[in-house]
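Subject: Structure handover

Hello,

Here is the structure I promised you. Please open it first, then read my notes below.

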Amino acid sequence: MPDSDANKPIYVTRPELPDLAEFIPHLQKIWDSRILTNGGPFHQQFEKELCDYLGVKHIALFANATIGLVTALQALRITGEVITTPYSFVATAHSLLWNGIKPVFVDIDPNTLNMDPERIEAAITPQTTAIMPVHCYGHPCNVERIESIADTYGLKVIYDAAHAFGVKCHCGSVLSHGDLSVLSFHATKVFTTFEGGAIVCPDEKMRQRINYLKNFGFADEVTVVAPGINGKMSEFGAALGLLQLKGIDAALAKRAVIDQRYRAGLKGLKGIRCLEAAGESRANFAYFPILVQPDCPLGRDELYRKFRERKVFVRRYFYPLISDFPMYRGLPSATHENLPVAHKLSQQILCLPIYPELGLSDVDRVVAILTDRGA
Ligand code: T4K
């Protein structure tokens, strides 16, 4: 028997997809041409249309953001130590370890939950070569302050922009900042190509180098210029991406309505803090994070369990901190004393469901679980 509306599971996210009927002609073309990958026609067209949509000049598509991050570090020849945030998905720091780079964690800003730029300078050593901040939940980092520190100390900046599709700050796309920005098009992201990702680069020369690196280092049939990897997006992902571009504005608008509904429902609720925007002129509402404060009658994990009992599958993005995982916790920068804000907030965070198809009655059901705390 199907679940009644009041009892159906609600997940933290669901991918937005076009009608299958729209995808079939694209599949037919792939079947007819037998071009499945290696920079085929859908790949080329998607790269171009994506640049136009995002308002950036140069993009290299990837199989996923993690390979994109690993490749971005290779492209800029980053070595030694990189300053980063402990408050992210583990792929951020893993991309450093895969390059033999030592992550140096700095604490986060309590308002944005992004890396606190005022902590960066104290973490710089002679081995530091770059900064890897994350636009967490799609909220822009303090890009000017980070750029000024990077310029002063001669450091590169690679933004993990996995959450920041379509986000704009005062000066246009947030993806135009830093040396490189890496997007994710995973199924759980606001814009999906099944799996997928992209590097936004400043010029064609860098894009060329990245394209070599994502194709085993091949510059032509007989020339290998670097120990590259296979990071290519397939024609299937690119074809879906092209269709997704048609629906993305409508999808973001639906997310905005859900965001407003949550804020109205949770306004003034004791013990629940909603995260505010961080200076974006265009937000993407990728997540709806709340912080469960000490004066909330139920603790964060009690609420998490209560939600699950009611089939609402909220998530604790990002708990545990990256710096608490076994491969990081021995680092000198991983101590709780060095990361008090990140440590505290990772124990308060809950991400509520948000995705375009989520009905407002479902949003109200989620809010009711929070307001009816004794139940
Ligand atoms: N940097 C940052 C800051 C990131 O957040 C991420 C990824 C990356 C880098 C790396 O990007 P990629 O290499 O993945 O492109 C998810 C995602 O797997 C991960 O991509 C994402 N961040 C992270 C924040 O969340 P899980 O383990 O929470 O996903 P999962 O499978 O539990 O899915 C959550 C919910 O989404 C499910 O309960 C239902 C729904 N869902 C999920 C999938 C996979 C669907 O409806 N359909 C689906 O196909 O990690």
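**What I found**

Pro320 sits in the loop between β15 and α10. Helices (H or I, at least four residues) and strands (E, at least two) are DSSP runs, numbered from the N terminus. The model is predicted: local features need pLDDT of at least 70, side-chain atom pairs count only at pLDDT 80 or more, and totals for chains, interfaces and linings use all residues. Residues are numbered from 1 along each chain as its sequence is written, and side-chain values use heavy atoms, with hydrogens and water left out.

**Peptide bonds and phi**

Most residues other than glycine have a negative phi, and most peptide bonds are trans. Now look at the exceptions here. The bond from Tyr319 to Pro320 is cis, with omega near -5 degrees. Tyr317 and Phe318 are also joined by a cis peptide bond, with omega about 15 degrees. Phe318 lies in the loop between β15 (312-313) and α10 (340-346).

Next, phi. Asn38 has a positive phi, near 65 degrees, and is not a glycine. Asn38 belongs to the loop between α1 and α2. Leu113 is not a glycine either, and its phi is positive at about 65 degrees. Leu113 is in the loop between β4 (102-105) and α5 (120-123).

Are these two residues buried or exposed? Asn38 is exposed, with a relative accessible area of 52%. Leu113 is buried, at 0% relative accessibility. The cut-offs: buried means under 20% relative accessible area, exposed over 50%, partly exposed in between (1.4 Å probe, protein chains only).

**The ligand**

How many residues surround the ligand? The number is 25, and the closest are Thr66, Asp160, His163, Arg315 and Tyr317. A residue counts as near if one of its heavy atoms lies within 4 Å of the molecule or strand.

- Tyr317: a polar side-chain atom is 2.5 Å away from a ligand oxygen.
- Arg14: a polar side-chain atom is 2.8 Å away from a ligand oxygen.
- His186: an N or O atom of the side chain is 3.3 Å away from a ligand oxygen.

The ligand exposes 920 Å² when taken alone, and the protein buries 77% of that. Accessible areas come from the Shrake-Rupley method with a 1.4 Å probe; for residues, only the protein chains shown count as cover.

The largest pocket holds about 410 Å³ of space. Its lining has 28 residues, and Phe89, Ser184, His186, Thr188 and Lys189 are the closest to its centre. Two or more lining residues come from each of α3 (65-75), α4 (91-97) and β16 (349-352). The largest share, three residues, is from α3.

How is a pocket found? On a 1 Å grid over the protein atoms alone, a pocket is an open set of points where a 1.4 Å probe fits, with protein on both sides within 12 Å along at least five of seven lines; lining residues have an atom within 4 Å of a point. Grid points are joined across faces, edges and corners, and a volume is the space filled by probe spheres set on the points.

The second largest pocket has a volume of about 290 Å³. Of its 14 lining residues, Asn38, Gly39, Asn211, Lys214 and Asn215 are the closest to its centre. α2 (41-54) and α7 (204-213) each give two or more residues to this lining. α7 gives the most, with four residues.

Best wishes

Key:
A polar contact is a pair of N or O atoms within 3.5 Å; within protein, one must be able to donate a hydrogen and the other to accept it, and residues adjacent in sequence count only if both atoms are side-chain atoms.
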